[in-house]
Amino acid sequence: GYALIGCKKAITSDLLPASTTKKSGTGTVLSVQTGGSITVNIGNPMQKIDVIGAGCYFYSGHLVNGITNLSDAGNWLWRDLNVNTFKIVLRADGVEDVNDNSDPNVTDFTKFNFAANSNLVDQIQAVKKALSLNANIKIWAIVLSPPKYLKTNGSVNNGGTLNSAVTNAYAEFGEFIYAHLKHLKDSGIVVNYLSLMNEPDYPSSAITYESAEFTTSQAQNVYATTGNWLKNKLPSVSIIVPKLGSPDCIDVNQTGNYVAPLNASGNLDFFTTHQYTNSSAANFTSASSSAGSKGLYMTEWHAGFGMGTTPDELTAALDLVNKFHDAFRGGTKGWLYFEWGNPETNFGGLLYTPWGANAERKKNYYVFQQFTANLLNENYITTTLSGITNFGADNVSAFTTSNRADINVVNWNADAQNRVRLYFGGNIKSIKIYRTSSTENNLLVWSQDNVNQNYYDVDYIGKSFTTVRIIW
């Protein structure tokens, strides 16, 4: 065995490549830093991260009815992850296919069918399970399509848009949303955030699930008129008015186009985007700059996207970290995974949830857990890299609050980048290092107390995601 001064435990020499600076019993540094440096700018905190979570879109039934270990799965998702947001869908298919009546201010609830789609039933069960395990979770609802009688194509699927030629179309759309919110309230669920459109920038005529397209001017009309209707109606029936998010664009670069029109509507609280198209720190920076003080949130993506039906598990997980980097380096204030659980093999869910079998945690789950463990209410901070060969600035992000900082690094290279010196500008009290690799899942690989120096040397093995947690 080989004991290090101040360590919580003795370690053997075969663990040292995963470790940090090696010291003698007197604390003298025996190894020298040879692999460059990362300076963590703890004195310049930027945007605070206040939303982390995932959603139920298509497979809530698998999560609550299909898997055989719901108790374990619930704990993995809503107890063991540091999350505070659960996204649900206000589906249109079968709910109000025919207008309940000609007066949107007088709602005939007997004409609404909230059992028409099993996802509407199952997501309520999932939300209740989540809230029973994590009372801090807020509910975020999104509309994929107006009901078909309000659509230009007469269908909730295949794109189309709101048919403004229908009498009181915008108010009728508001009534449809109100009916959903009342049904949820009657089921014991309060909606805190609301998005009125999903990927309105995506040509969706061939999309066989609920969808709708809205130009920026069409979106402005909806947010202005439907938004006003909701703000007047909901308080009158004792329903909290959710904070309104912008349309969830599929393309980060399209987000900025909606900013001015939606700000002009007077009913927009914050901006959102998905991450499926044109993800980069530069593009997120542009979008978040356009969003301004209202802030930008990334509201849908999943590991393995664009990698086929059976992506390599580690590659998909490391790519998830890079998408975190893109979004947070670009100024976003929150991040939502696509689904809590999904039965497909492309990591669409934080859990793999095959029907009739146990849910499973894959590396995307452990990477998400590792990255977000302290993330809520931390501020993003910049990092400066020098002399590093195997990874670059876009593979690093860092966050801080109070007396701690978390530094996240992906090394895509098969070769290690050893003895990278981390500079913090202040003395370190304790350090913990966690890693996900081909053989590790959010594993604590190193810890040391009473460090009492303002730098630390860290090894980053090949094909790995490493998080360094510092307390000073």
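Reply: The second largest cavity holds about 40 Å³ of space, a cavity being a set of points on a 1 Å grid over the protein atoms alone where a 1.4 Å probe fits but cannot get out, and a volume being the space filled by probe spheres set on points joined across faces, edges and corners. The model is predicted, so local features need pLDDT of at least 70 and side-chain atom pairs pLDDT 80 or more, whereas totals for chains, interfaces and linings use all residues. Residues are numbered from 1 along each chain as its sequence is written, and side-chain values use heavy atoms, without hydrogens or water.

Val89, Leu90, Phe114, Leu120, Gln123, Ile124, His180, His183 and Leu184 line this second largest cavity, each with an atom within 4 Å of a point. Six of the lining residues are nonpolar, three are polar and none is charged. Helices H3 (118–133) and H4 (169–186) each contribute at least two residues to the lining, helices being DSSP runs (H or I) of at least four residues, numbered from the N terminus.

H4 also gives the most, ten residues, to the largest nonpolar core, which has 106 residues; such a core joins buried (under 20% relative accessible area, 1.4 Å probe, protein chains only) Ala, Val, Leu, Ile, Met, Phe, Trp, Tyr and Cys residues through side-chain atoms within 4.5 Å. Among the residues with the most contacts inside this core are Phe86, Ile177 and Phe328. Apart from this core lies another, of 24 residues, including Leu422 and Trp446.

Key. On a 1 Å grid over the protein atoms alone, a cavity is a set of points where a 1.4 Å probe fits but cannot get out, and a pocket is an open set with protein on both sides within 12 Å along at least five of seven lines; lining residues have an atom within 4 Å of a point. Ala, Val, Leu, Ile, Met, Phe, Trp, Tyr, Cys and Pro count as nonpolar, Asp, Glu, Lys and Arg as charged, and the others, Gly among them, as polar. Buried means under 20% relative accessible area, exposed over 50%, partly exposed in between (1.4 Å probe, protein chains only).
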